[in-house]
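Hello,

Here is the structure for you to look over. My notes follow below it.

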Amino acid sequence: MTAPNLSNSVAPGPAEYGGDEISALVLDPGYTVVRGGFAGEDVPKSVVPSFYGIIPSGPERKHVYGENAIYTPSPNIEIGNPMSKNGVVEDWETATNLWEYAITSRLTNTKPSNPMSNGLNEKTDELKQEMEGVEMQERPLEENPLLMTEAGWNTGKGREKPIEIAMENWGAPAFWLARSGVLSA
């Protein structure tokens, strides 16, 4: 058996994450803003306020994200934040939706839907109305590794939850959770 060539003069293979072909995403959630961008770029492409709007709509409450959602005056809107002032997540469901909005609004595109069922084509009787053949739900990060920052005083449970969200919900192929103090040094 021959030993693998570990020389750094050989370019990494297409399946390896060390090359420039893989565009890793960086997500930096904070109390005031969530910053997101691609590794190697000078500035983040997505800067979204961490504050979100809560609009009562009947028995449910609708969450709205982004700058226009909280800065545009509207009646009965409440403003919330999923983070505490020390940078630790308090509301995981809302934080997940906010982070996903920050990633998908400016960094990744949504996948195209089936043209036969997007409402632009006439429906035919040949199409099955059953849900058996429906693909898995869209996963926004299934093609990009993710580096995410956390507060230095985050708890063990607070470290596990972002990993679970990135790997299971978003389908990230690789994930790294780094303390923001270490990255800023």
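**The second largest pocket**

The lining of the second largest pocket has 22 residues, and Pro29, Met83, Gly87, Glu150 and Ala151 lie nearest its centre. Strand E1 (25-29), helix H2 (92-106), E7 and helix H3 (156-169) are the elements that give two or more residues to this lining. E7 gives the most, with three residues. The space in the pocket is about 240 Å³.

The terms are as follows. A pocket is an open set of points on a 1 Å grid over the protein atoms alone, where a 1.4 Å probe fits, with protein on both sides within 12 Å along at least five of seven lines; lining residues have an atom within 4 Å of a point. The volume is the space filled by probe spheres set on the points, with grid points joined across faces, edges and corners. Helices (H or I, at least four residues) and strands (E, at least two) are DSSP runs, numbered from the N terminus.

This is a predicted model: local features need pLDDT of at least 70, side-chain atom pairs count only at pLDDT 80 or more, and totals for chains, interfaces and linings use all residues. Residues are numbered from 1 along each chain as its sequence is written, and side-chain values use heavy atoms, with hydrogens and water left out.

**Thr149**

Thr149 sits in strand E7 (residues 146-150). Is it buried or exposed? Thr149 is buried, because its relative accessible area is 8% (buried is under 20%, exposed over 50%, partly exposed in between, with a 1.4 Å probe and protein chains only). Its side chain makes a polar contact of 2.4 Å with that of Asp28 (a pair of N or O atoms within 3.5 Å; within protein, one must be able to donate a hydrogen and the other to accept it, and residues adjacent in sequence count only if both atoms are side-chain atoms). Beyond neighbours within four places in sequence, Thr149 is in contact (heavy atoms within 4.5 Å) with residues including Leu27, Pro29, Leu177 and Leu183.

**Strand E4 and its partners**

E4 (residues 52-57) pairs antiparallel with E6 (residues 78-80) over three bridges. Pairing needs at least two DSSP bridges between the strands. Gly53 stands opposite Ile79 in E6. E4 also runs antiparallel to E5 (residues 60-64), with five bridges. Here Ser57 stands opposite Glu60. E4 and E5 form a hairpin with two residues between them. In that turn, Gly58 has a positive phi of about 75 degrees.

**Overall**

The protein has four helices and eight strands. Of its 185 residues, 31% count as buried.

Best wishes
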